[in-house]
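Visitor: I would like to learn how to read a structure of this kind, one feature at a time. Could we start with a single residue and its surroundings?

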Amino acid sequence: MSFENAITPGAAPAPVEGEDFIVTAGEALAEGVAIAGEEAVIEAFRTVFDPEIPVNIYDLGLIYGFRIDDRGGVKVEMSLTAPGCPVAGELPQWVADAAAKAEGTGEVEVKLVWEPGWTPELMSEDAKLALGMM
């Protein structure tokens, strides 16, 4: 019996490279609630860390892009440092949950993208400095 694709009880299923993997969090904003700005969402992303790298996922360059709609909904595209990342099934949900906690965000959708693959060149200068790459 192979345990290669076994899922630990309570753990998120691992995404399959090349296949869509989308998670959601939050709920629609009430009418009249002020919508979050980009900086508030970026700060929320910066609260999420890959457990193996002491740098937040935004400065690592894992957030490929995001947009905030006119109802406060946030759509995010992100990647992983490696397809076999041990928290691949959980990290997108952590990002969705963090963004949903930012004041003025509504429903949050995080899509894991596989192309282009992540490379260290996507890291911010601060991340490279923190990891001794400069």
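Guide: Contact is a matter of distance (heavy atoms within 4.5 Å), and D59, leaving aside its neighbours within four places in sequence, is in contact with R46, L122, M123, S124 and A127. This is a predicted model, in which local features need pLDDT of at least 70 and side-chain atom pairs count only at pLDDT 80 or more, while totals for chains, interfaces and linings use all residues. Residues are numbered from 1 along each chain as its sequence is written, and side-chain values use heavy atoms, with hydrogens and water left out.

Visitor: Where does D59 lie, and is D59 buried or exposed?

Guide: D59 lies in helix 2, helices being DSSP runs of H or I with at least four residues and strands runs of E with at least two, numbered from the N terminus. D59 is buried, because its relative accessible area is 11% and buried means under 20%, exposed over 50% and partly exposed in between, with a 1.4 Å probe and protein chains only.

Visitor: Which side chain forms a salt bridge with that of D59?

Guide: A salt bridge needs a side-chain nitrogen of Lys or Arg within 4 Å of a carboxyl oxygen of Asp or Glu, and here the side chain of R46 meets that of D59 at 3.3 Å, N to O. The pair links distant parts of the chain, since R46 is in the loop between helix 1 and helix 2, 13 residues from D59. Salt bridges with shared partners join E39, E43, R46 and D59 into one network; within it, the side chains of R46 and E39 meet at 3.9 Å, N to O. R46 is partly exposed at 28% relative accessible area, and E39 is partly exposed at 49%.

Visitor: How many salt bridges are there by this rule?

Guide: The count comes to 5 salt bridges, and one of them joins K111 and D20, with the closest N and O atoms 3.9 Å apart. K111 is in strand 4 and D20 in the segment before strand 1, 91 residues apart.

Visitor: Which residues of helix 3 are buried, and how should I read their pattern?

Guide: An α-helix has 3.6 residues a turn, so residues three or four places apart point the same way. In helix 3, residues 91-101, the buried ones are L91, P92, V95, A96, A98 and A99. Seen down the helix axis, they fall within an arc of 165°, so they line one face; the arc is taken from the directions from the axis to the C-beta atoms. Their cover includes strand 1, helix 1, helix 2, strand 2, strand 3 and strand 4. V110, placed in strand 4, is buried with a relative accessible area of 0%, and among the residues it touches are P92, V95 and A96.

Visitor: Which residues does a cis peptide bond join?

Guide: Most peptide bonds are trans. Here a cis peptide bond joins E115 and P116, with omega about -5°, and P116 lies in the loop between strand 4 and helix 4. P116 is one of the residues touched by S79, which is found in the loop between strand 3 and helix 3 and counts as buried at 4% relative accessibility. A polar atom of the side chain of S79 lies 3.2 Å from the backbone oxygen of V113.

Technical notes. Polar contact = N/O pair within 3.5 Å; in protein donor to acceptor, adjacent residues only side chain to side chain.
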